[in-house]
Amino acid sequence: MALHGGSQDRGTDQIASRAAELSGASYYAIVQPNRLRVHLTSRLHDPDHSDYLRTFLQHIEIAVSVHGYGREGFSLRVDPLRGPLIDAYGPALRGAQTGPLRGIILGGQNPELLAAARQLFHDRFPGYHVADEGVRLGFHRDNPVNLPSAHGVQIELPPGLRGIGEFGEHLVPREDDAVPEVIGVLVELAERAGELIAPTPTP
């Protein structure tokens with residue numbers, strides 16, 4: 001899944017779509033056009049309000065939801081020399097941030113798949129760190145990733161792993177060196193998900 005695709009969490013729908021295609025998994029996305037950017041928090045995506053989402057969730061048993069964070073907020077500022085400046089995605093650095101974001105945030109209510117995701121991302125991206133469990137994203141029971149019978153995992157990727165540049169400077173996602181590696185991890189994760197829901201052979 002990619003609930004915030006298109007202009008919101010740029011690159012996430014392309015990554016999720018390609019991973020689903022390669023793994024033979026089902027795929028659902030909300031893709032916002034360039035002139036629209038609304039962040040509806042995941043737990044407010046109610047399948048009772050969407051036939052497509054309800055049908056998708058009834059069809060699957062376990063989910064992987066791809067999200068992005070960093071460089072997504074609109075900003076308006078006034079420059080003393082140039083006047084009002086609008087930045088569609090806000091400043092490259094915020095608060096105490098001094099360099100590109102390097103965290104990968106994982107959540108979700110399937111503990112086995114969550115552990116597999118932590119291991120895969122830790123092993124494949126040594127220049128990044130998997131956030132510890134103190135960062136609680138993707139665990140709410142109403143989050144669509146947790147609505148299938150076996151629940152699932154939510155993956156929050158920084159700009160540098162979504163093909164939009166380390167500081168989110170590319171408006172249109174590109175398939176740079178990191179993107180195929182992320183897709184590869186998601187394919188492996190989908191395979192692991194399939195193993196977790198496979199029926200136990202009868203002796």
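What follows is a short exchange about the whole chain and then some single residues.

Biologist: What kind of model is this, and what is the average pLDDT of the protein?

Modeller: This is a predicted model. The protein averages a pLDDT of 91, on a scale from 0 to 100. A score of at least 70 is reached by 95% of the residues.

Biologist: Where is confidence lowest, and where is it highest?

Modeller: Strand S4, residues 75-79, is lowest, with a mean of 71. Helix H1, residues 12-23, is highest, at 98.

Biologist: How many helices and strands are there, and what pattern do they follow?

Modeller: The protein has four helices and eight strands. Along the sequence they run β-α-β-α-β-β-β-β-α-β-β-α.

Biologist: What share of the contacts comes from residues 24 or more positions apart?

Modeller: They account for 72% of the contacts with a separation of 6 or more.

Biologist: How many side chains are positive, and how many negative?

Modeller: There are 18 positive and 25 negative side chains. The centres of the two sets lie 7 Å apart.

Biologist: Now asparagine 143. Why is this residue called buried?

Modeller: Buried means under 20% relative accessible area. Asparagine 143 has 4%, so it is buried. This residue is found in the loop between S7 and S8.

Biologist: Which residues is asparagine 143 in contact with, leaving aside neighbours within four places in sequence?

Modeller: Ser42, Arg43, Gly138 and Gln154. Aspartate 123 is 20 residues from asparagine 143 along the chain, and their C-alpha atoms are separated by 27 Å.

Biologist: Why is tyrosine 52 called exposed?

Modeller: Exposed means over 50%. Tyrosine 52 has a relative accessible area of 69%, so the label is exposed. Tyrosine 52 lies in helix H2, residues 51-59. Its C-alpha is separated by 34 Å from that of histidine 122, 70 residues apart along the chain.

Biologist: Why is valine 135 called partly exposed?

Modeller: Partly exposed falls between the two cut-offs, 20% and 50%. Valine 135 has 33%, so it counts as partly exposed. This valine is also placed in the loop between S7 and S8. Valine 135 and leucine 106 are 29 residues apart in sequence and 8.3 Å apart in space, C-alpha to C-alpha.

Biologist: How do you know which label serine 17 gets?

Modeller: Serine 17 has 28% relative accessibility, so it counts as partly exposed. Serine 17 lies in helix H1. Alanine 2 is 15 residues from serine 17 in sequence, and 8.3 Å from it in space, C-alpha to C-alpha.

Biologist: What makes the phi of histidine 151 stand out?

Modeller: Most residues other than glycine have a negative phi. Histidine 151 is not glycine, and its phi is positive, near 60 degrees.

Biologist: Where is histidine 151, and why is it called partly exposed?

Modeller: Histidine 151 sits in the loop between strand S7 (129-130) and strand S8 (152-157). Its relative accessible area is 27%, so histidine 151 is partly exposed.

Methods: Residues are numbered from 1 along each chain as its sequence is written. This is a predicted model: local features need pLDDT of at least 70, side-chain atom pairs count only at pLDDT 80 or more; totals for chains, interfaces and linings use all residues. Side-chain values use heavy atoms; hydrogens and water are left out. Helices (H or I, at least four residues) and strands (E, at least two) are DSSP runs, numbered from the N terminus. Contact means heavy atoms within 4.5 Å. Lys and Arg count as positive and Asp and Glu as negative; His and the chain ends are not counted. The place of a charge is taken as NZ of Lys, CZ of Arg, CG of Asp or CD of Glu. Buried means under 20% relative accessible area, exposed over 50%, partly exposed in between (1.4 Å probe, protein chains only). pLDDT is the predictor's confidence in each residue, from 0 to 100.
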